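Hi,

Here is the structure I promised to pass on. Have a look at it first, and then read on for my notes.

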Amino acid sequence: MKIAVIGAGIIGVTTAYELAKDGHEVTVLERRSAAAEETSFANAGIVAPGYVTPWAAPGMPAKVMGHLFSRHAAVKLSLPLSKRELAWIWRWYRACRLETYLTNRSHLQKLAFYSRTRLHALTTDLQLDYERSEGYLVLLRSEKDSQGVQPGLQVLREAEVQFKEINPEQARKIEPALNPDTPFFGAIHLPEDEVGNCRQFALLIKNEAQNIGVKFEFNTVVTGLSATEGVSIGILNERNARSFDAAVVCAGLDSTSLLHTLRLNIPLVAVHGYSVTANIREALDAPRSAVMDERYKVAISRLGQRVRVAGSAEIGGNINHKNKRALVTLYKVLQDWFPGAAHLSNGVQEWKGARPMLPDGPPILGKSGLKGIWLNLGHGSSGWALSCGSARVVADQIGGKSPAIDDAGFSVDRLRT
Ligand SMILES: Cc1cc2nc3c(=O)[nH]c(=O)nc-3n(C[C@H](O)[C@H](O)[C@H](O)COP(=O)(O)OP(=O)(O)OC[C@H]3O[C@@H](n4cnc5c(N)ncnc54)[C@H](O)[C@@H]3O)c2cc1C
């Protein structure tokens with residue numbers, strides 16, 4: 001089939017690769033001048049399938065309320081909120097019910113584990129090098145933080161994830177550069193989890209996709225879709241629409257406006273986050289892999305010769321306006337755990353990204369309800385961890401094959417009102 005993939009973020013490039021592997025003629029249409037220039041650009045890079053759980057969870061509304069007014073809050077509301085964002089919050093609130101949460105969690109985790117298997121298979125088969133390192137350490141500042149993670153540890157046990165609850169001395173053996181002057185209660189060590197550079201992986205997979213025939217068209221803005229006879233795609237500054245047998249919408253947050261042209265309403269909002277990336281000053285003072293400060297929900301990742309600090313969840317606001325306080329929190333957390341690890345006086349990259357978030361958790365994978373239009377979107381805070389599995393599932397669906405995991409929980413129908 002002649003298939004268009006709209007968007008060259010991590011979801012679009014992995015989808016294009018899998019479709020081309022199945023023998024389709026694939027064209028990727030991307031408005032930016034390169035792949036992974038938007039949300040897939042500078043995320044934390046963590047692949048920890050046991051931690052891929054819905055944000056819509058019992059007890060979350062109270063937790064979020066508790067965060068809103070604290071100085072280094074992990075969750076922020078940027079007021080005023082739009083009608084769309086308010087409607088999304090209401091749907092999120094309803095999805096926090098225990099039964100809904102458990103169902104969504106089960107779907108998400110199956111996809112996350114499958115995705116890691118696919119990521120490893122691609123890494124080995126194609127010999128990809130994307131600043132990957134193994135191991136993930138969740139740092140618990142206090143006994144209260146330790147109590148707070150207990151329900152999450154139960155989830156890990158149920159998913160048979162390997163982990164150990166360890167004391168500070170053991171944690172310092174795993175991450176010897178942890179600041180000796182920052183006391184903490186303990187940590188959770190997940191040796192099978194990992195961190196890697198999502199953007200670098202996306203660029204490598206894009207090259208591999210090109211090698212097997214995928215055509216990438218950059219600086220190409222898709223303006224609309226129609227699904228009357230085959231699929232027609234409108235492109236900015238092109239007089240005639242382009243024709244394809246099928247299209248896969250992987251346009252991250254902006255999938256909403258594209259699908260609106262088909263009268264398909266997807267409740268997707270931006271949950272903004274930030275990262276700071278800097279060159280390592282002294283390797284012995286830097287993390288070996290990834291750590292997460294559980295209290296501030298800030299990750300510190302080692303990416304080759306650089307260190308990246310990422311976190312914050314801001315509903316509302318504008319991608320072009322950086323909230324100074326969120327950045328201050330990132331610098332504070334880096335300073336608390338790895339002072340002196342990075343050159344912070346020059347060459348620092350401060351980035352803001354928009355997680356494409358659905359109210360209930362699982363992404364949408366598969367049919368849109370309109371002939372020829374397929375969806376792979378709404379991966380929220382875990383798009384990198386879910387990308388390789390999502391791409392394979394959608395390629396199987398398009399090819400009429402049964403995906404390796406049950407795909408029923410990812411249907412768009414669950415979000416129709
Ligand atoms: C601070 C932060 C930390 C994160 N940490 C992690 C993490 O540790 N692990 C993890 O798994 N995930 C993490 N994420 C989430 C992850 O980055 C996202 O889920 C993922 O990047 C989404 O990928 P995407 O391809 O759907 O979207 P994008 O990367 O945004 O790609 C969409 C593409 O579509 C293109 N596009 C949109 N509209 C059009 C149009 N009309 N025409 C043509 N092209 C179009 C865009 O230009 C863009 O390139 C984090 C996110 C943030 C913000």
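Below is what turned up around the ligand and in one of the sheets. Please keep in mind that this is a predicted model.

Let's begin with the ligand. There are 36 residues around the ligand, and those that come nearest are E30, S40, N43, G380 and A385. By class, this shell holds 15 nonpolar, 15 polar and 6 charged residues. Several elements each give at least two residues to the shell: α1 (10–21), β13 (269–279), β17 (349–357) and α11 (383–398).

For I46, a polar backbone atom is 2.9 Å from a ligand oxygen, while E38 brings a polar side-chain atom to 3.3 Å. How much of the ligand does the protein bury? Taken alone, the ligand exposes 1000 Å², and 96% of that is buried by the protein.

Now for the sheet. It is an open one of 6 strands with mixed pairing, in the order β8-β2-β1-β12-β19-β18. At its edges are β8 (215–217) and β18 (364–367), each pairing on one side only. On average, neighbouring strands are turned by 20 degrees against each other, direction ignored. β18 runs antiparallel to β19 (residues 373–377), and 4 bridges join the two; G366 has L375 in β19 as its bridge partner.

Helix α1 links the two parts of this story: besides supplying at least two residues to the ligand shell, α1 packs on the sheet, touching β1 (2–6), β2 (25–29), β8, β12 (246–249) and β19. The direction of α1 makes about 165 degrees with that of β1.

Best wishes

Definitions and conventions
Residues are numbered from 1 along each chain as its sequence is written. This is a predicted model: local features need pLDDT of at least 70, side-chain atom pairs count only at pLDDT 80 or more; totals for chains, interfaces and linings use all residues. Side-chain values use heavy atoms; hydrogens and water are left out. A residue is near a molecule or strand if one of its heavy atoms lies within 4 Å of it. A polar contact is a pair of N or O atoms within 3.5 Å; within protein, one must be able to donate a hydrogen and the other to accept it, and residues adjacent in sequence count only if both atoms are side-chain atoms. Accessible areas come from the Shrake-Rupley method with a 1.4 Å probe; for residues, only the protein chains shown count as cover. Ala, Val, Leu, Ile, Met, Phe, Trp, Tyr, Cys and Pro count as nonpolar, Asp, Glu, Lys and Arg as charged, and the others, Gly among them, as polar. Two strands pair if DSSP finds at least two bridges between them. Axes are lines fitted to C-alpha atoms, for helices over the stretch in contact, and angles run from 0 to 180 degrees between N-to-C directions. Contact means heavy atoms within 4.5 Å.
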